[in-house]
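Subject: Structure handover

Hello,

Here is the structure I promised to pass on. Please open it alongside this note; what I found follows below.

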Amino acid sequence: MKHPALLLCLLLSTIPAVQAEQIVMPIGDRSCTDCPERGMSMEKVRDRYGEPQETQAAVGEPPIMRWVYAGFSVYFENNRVIHAVGRR
């Protein structure tokens, strides 16, 4: 075969173009004015905001736990806040 690159180009030109669709999913109103700050301990969150309405067991590696309050959700790693998201 003298021109393998030419053969490859011809084969690739017969493959239809692939297009991706972007899906946007709202995950909450991130403008939480009174959410726990990153780095707060679970104890301080409980002292300031009270008992959560719901707790979800730790999942993954490192284990991430979520506490749900009326206006926001708090995500913990190793007993420290890593993220807080306002709820709609």
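Helices and strands are DSSP runs, numbered from the N terminus; a helix needs at least four residues and a strand at least two. Those are the names used below. Keep in mind that this is a predicted model.

**Overall layout**

The protein chain has two helices and four strands. Along the sequence they follow the pattern α-α-β-β-β-β. The chain holds 88 residues, and 23% of them are buried. Its accessible surface is about 7,200 Å². Carbon and sulfur atoms account for 55% of that surface. Take the contacts between residues at least 6 apart in sequence: 35% of them join residues at least 24 apart.

**Strand pairing**

Strand β1 covers residues 54-59 and strand β2 covers residues 64-68. The two run antiparallel and are joined by four bridges. E54 sits opposite V68 in β2. β1 and β2 form a hairpin, with four residues between them. G60 lies in that turn and has a positive phi of about 85°.

β2 also pairs with β3, again in the antiparallel sense, over five bridges. Here the hairpin runs through three residues. W67 stands opposite V74 in β3.

**The core**

Which residues make up the largest nonpolar core? There are 12 in all: C35, M40, M42, V45, Y49, W67, Y69, F72, V74, F76, V81 and A84.

Leaving aside neighbours within four places in sequence, A84 contacts C35, P36, S73 and V74.

S73 is in strand β3. Is S73 buried or exposed? S73 counts as buried because its relative accessibility is 5%, and the cut-off for buried is under 20%. With neighbours within four places set aside, S73 is in contact with R66, W67, V68, H83, A84, V85 and R87.

**The loop between α1 and α2**

Several findings involve this loop. Start with S41, which is found there. S41 has 13% relative accessibility, so S41 counts as buried. A polar atom of the S41 side chain lies 3.1 Å from the backbone nitrogen of K44. Beyond four places in sequence, S41 touches F76, N79 and R80.

R38 lies in the loop too. R38 counts as exposed because its relative accessibility is 70%, where exposed means over 50%. R38 and I82 are 44 residues apart in sequence, yet their C-alpha atoms are separated by 5.2 Å. A polar atom of the R38 side chain is 3.3 Å from the backbone oxygen of I82. Not counting residues up to four places away, R38 touches V81 and I82.

**Salt bridges**

How many salt bridges does a search of the whole structure find? It finds two.

One joins the side chains of R48 and D34, at 2.9 Å from N to O. This pair links distant parts of the chain: R48 is in helix α2, and D34 is in the loop between α1 (4-13) and α2, 14 residues apart. D34 is partly exposed, because its relative accessible area is 41%.

The other is between R46 and E51, with the closest N and O atoms 3.0 Å apart. R46 has 34% relative accessibility, so R46 counts as partly exposed. E51 has a relative accessible area of 56%, so E51 is exposed.

**Where to click**

To go through this quickly, start with S73 and its contacts, including W67 and A84. Then go to R38 and I82, with their C-alpha atoms 5.2 Å apart. Finish with the R48 and D34 salt bridge.

Best wishes

Methods. Residues numbered from 1 in each chain as written. Predicted model: local features only at pLDDT ≥ 70, side-chain atom pairs only at ≥ 80, totals over all residues. Heavy atoms only, no water. Core = buried A, V, L, I, M, F, W, Y, C linked by side-chain atoms within 4.5 Å. Buried < 20%, exposed > 50% of the residue type's maximum accessible area, 1.4 Å probe, protein only. Contact = heavy atoms within 4.5 Å. Areas by Shrake-Rupley, 256 points an atom, 1.4 Å probe, with all protein chains shown as cover. Salt bridge = Lys/Arg side-chain N within 4 Å of Asp/Glu carboxyl O. Polar contact = N/O pair within 3.5 Å; in protein donor to acceptor, adjacent residues only side chain to side chain. Pairing = 2+ DSSP bridges.
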